[in-house]
Structures are given as C-alpha cells and as structure tokens.
Amino acid sequence: MLIDSHAHLDEDRFDKDRDKLIKSLNENGISMVINPGADLPSSIKSVKLSEQYDNIYAAVGVHPHSADEMDEGTIEVLKAFGNREKVVAIGEIGLDFYYDNSPRDIQRKWFKRQMELAKELNLPIIVHSREADQETFDMIKAQSDGNLTGVIHCYSGSVELMKEYIKLGYYISLGGPVTFKNAKTPKEVAKAVPLDRLLVETDSPYLTPEPYRGKRNEPLYVRHVAAMIAELREMTIEEIARATSENTKRLFNLR
Ligand code: NI
C-alpha cells in the first residue's frame, strides 16, 4: 500500500467525484492521503475532510501565495485547528519567489511565524519552496531546535542541499516531476535520498506524472511516482511503498 503524502482533495476540481475517489483509494492500493491547506478556507476544508474520512489526514497552514492575507488572527485560527486529532502538520508553508504572489518580506514573516506555531503545537511542517532553495533552507535551519522537523514537498533542489536537509532531520518528498523525461535533478535526488527519509506524493490536482501529463492529477497516480523511483533505485515498487509508508507514518505520527 502507498501513501500519497500531499494532495489537495479539497479543491473545486474534485467537487464532482471527491467522495467516490476517496472511497476507491483503498481498493486501488492507496492507504492514506495527507491533505494540506493552502489558505484559511482550504485548511478548514482539509480538516473537515479528515473528520469525514478515515483515510484522510489534514495539515493546516497558509501557502506563500496567500501570505499577504495573514495576520495574527489567522495564526489563532490555525492554532485552534492544529489541536484537532487528525491534523498532523502545519502546511503548506514556505517561500515562492517564482510567482511572487505575495511580497517577499511578507512571505518570510509568515513562514517564520508558522514555523513557530508548529513548534508550539509540536507538529512537523510541510514546506513549499520555489526559486528560493537556499533561503528556505536558511530559514528552516534558523528555526531548528532539535525538535522541529518536516518534509520538503515536491523537492526540486540539488542533491547537495537535499543532504543538508537530511542532516537537519528533514524528509524529502518527490512527486510527478520525477517521471518527466527532462527532469535530471529530481531523478538524481531520487537515487540519492536515504531510503528512510523518502516520501512520495502527487500534489493533486497539480503536477500530474507521466503518462497522464495534461490531465487532472489524482492520488492513484502516486503509483507512477513510486514506480519511477523504484526503477531509478533498482528496487521493487513494493519496497518503495513499504519504506515511504513507514516514513510518512513516522514523520506525521500516524498509527
Ligand atoms: Ni501543494
């Protein structure tokens, strides 16, 4: 069984078939999905999904795209939801200097504040980083206290930086891009990540893996991500599934 460690099943694009899709996961080899929030409304939707379905766990947090909508009141709401039983992380949070949808200073401020919240709640973080590899790492390192940990979702950085995250106790999650023909670095990372720190994800409905590129992504396609990693590491998909499921459960403290 595989776990999709990152999917946005709360999004509108799943309105028509969400229930059917979630109920069909188990028979298709997906035991659980971690559903992170991207802003306050989607965080609340994620929590509701996790309370409605046994196989969904939620994270709450505000994505760097929406950082400029945040204030201390947002932190209070996230904190209240962060105490719910099936909320297993703060995320997704981080820096996005590719789109720059929020000013960079605002992104930094609320990334830091949400890391502090994660420490307060004793939860791991789910990190989004785009075109901000080094600064994301530096900010995470500055918050490291031997207790805070998390996952870099859909990791797109170098092998060298990946090793630095491993030293800090972080996990590396790979998604659809590892299946793309021209994705040289993700493939190198897939081979080099220590097996006990690897997670797999889809980031549904985004980043659809081959051979479904161009279609809506779904948790079922995590199998294609795992299959590519298995091929690159010369392992079986079952071995990848076992390791990544154990890792996901360990990181998010799931039973
Ligand atoms: Ni995401």
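In the predicted model, Glu201 is located in the loop that runs between strand 8 (198-200) and helix 8. Glu201 has a relative accessible area of 0%, and since burial is assigned to values under 20%, Glu201 is classed as buried. When residues up to four places away in sequence are not counted, Glu201 touches Asp4, Ser5 and His6, then His153 and Cys154, then Ser173, Leu174, Gly175 and Gly176, and finally Val222 and Val225. Of these partners, Val222 and Val225 fall in helix 8, which spans residues 222-233. Phe14 stands 187 residues from Glu201 along the chain, and the C-alpha atoms of the two are separated by 17 Å.

Ser204 and Pro205 are joined by a cis peptide bond, with omega at about 5°, and Pro205 is itself part of the loop between strand 8 and helix 8. Leu207, also placed in the loop between strand 8 and helix 8, has a positive phi near 50° although the residue is other than glycine. In contrast to the buried Glu201, Leu207 is partly exposed, with a relative accessible area of 34%.

Helix 8, to which this loop leads, packs against helix 7 (residues 184-192) at an angle of about 70°, the two axes lying 9 Å apart. This angle makes helix 7 roughly perpendicular to helix 8, and the crossing of the two is right-handed. The contact brings Lys187, Ala190 and Lys191 of helix 7 together with Met228, Ile229, Leu232 and Arg233 of helix 8. By class, the residues of this contact comprise 4 nonpolar and 3 charged, with no polar residue. Within helix 7, the buried residues are Pro186, Lys187, Val189 and Ala190. Viewed down the axis of helix 7, these buried residues fall within an arc of 160°, and they therefore line one face of the helix. The buried residues of helix 7 are packed against helix 8 and also against helix 6 (159-167) and strand 7 (171-174).

The axes of helix 5 and helix 6 come within 11 Å and cross at roughly 10°, an angle that makes helix 5 roughly parallel to helix 6. On the side of helix 5 (residues 133-143), the contact involves Asp133, Gln134, Thr136, Phe137 and Ile140, which meet Leu161, Glu164 and Tyr165 of helix 6. The residues of this contact divide into 4 nonpolar, 2 polar and 2 charged. Thr136, placed in helix 5, is buried, with a relative accessible area of 0%. Leaving aside neighbours within four places in sequence, Thr136 is in contact with Leu95, Phe111, Val127, Ser129 and Tyr165. Tyr165 in this set is a residue of helix 6, whereas Phe111 falls in helix 4 (residues 104-121).

Helix 4 in turn pairs with helix 3 (residues 72-82), their axes coming within 11 Å and crossing at roughly 30°. Because angles under 35 degrees count as roughly parallel, helix 3 and helix 4 are described as roughly parallel to each other. The crossing of helix 3 and helix 4 is right-handed. The residues in contact are Glu72, Ile75, Leu78, Lys79 and Gly82 of helix 3, together with Trp110, Arg113, Gln114, Leu117, Glu120 and Leu121 of helix 4. This contact of helix 3 with helix 4 has 5 nonpolar, 2 polar and 4 charged residues.

Beyond helix 4, the loop that connects to strand 5 (125-130) contains Asn122. Asn122 is not a glycine, yet its phi is positive, at about 60°. With a relative accessibility of 58%, Asn122 counts as exposed. A further cis peptide bond, with omega about 5°, joins Gly91 and Glu92, and Glu92 lies in strand 4 (residues 87-96).

Notes. Residues are numbered from 1 along each chain as its sequence is written. This is a predicted model: local features need pLDDT of at least 70, side-chain atom pairs count only at pLDDT 80 or more; totals for chains, interfaces and linings use all residues. Side-chain values use heavy atoms; hydrogens and water are left out. Axes are lines fitted to C-alpha atoms, for helices over the stretch in contact, and angles run from 0 to 180 degrees between N-to-C directions. Helices (H or I, at least four residues) and strands (E, at least two) are DSSP runs, numbered from the N terminus. Angles under 35 degrees count as roughly parallel, over 145 as roughly antiparallel, 65 to 115 as roughly perpendicular and the rest as oblique. A crossing is left-handed if the near helix is turned anticlockwise from the far one by less than a right angle, and right-handed if clockwise. Contact means heavy atoms within 4.5 Å. Ala, Val, Leu, Ile, Met, Phe, Trp, Tyr, Cys and Pro count as nonpolar, Asp, Glu, Lys and Arg as charged, and the others, Gly among them, as polar. Buried means under 20% relative accessible area, exposed over 50%, partly exposed in between (1.4 Å probe, protein chains only). The arc is that of the directions from the helix axis to the C-beta atoms.
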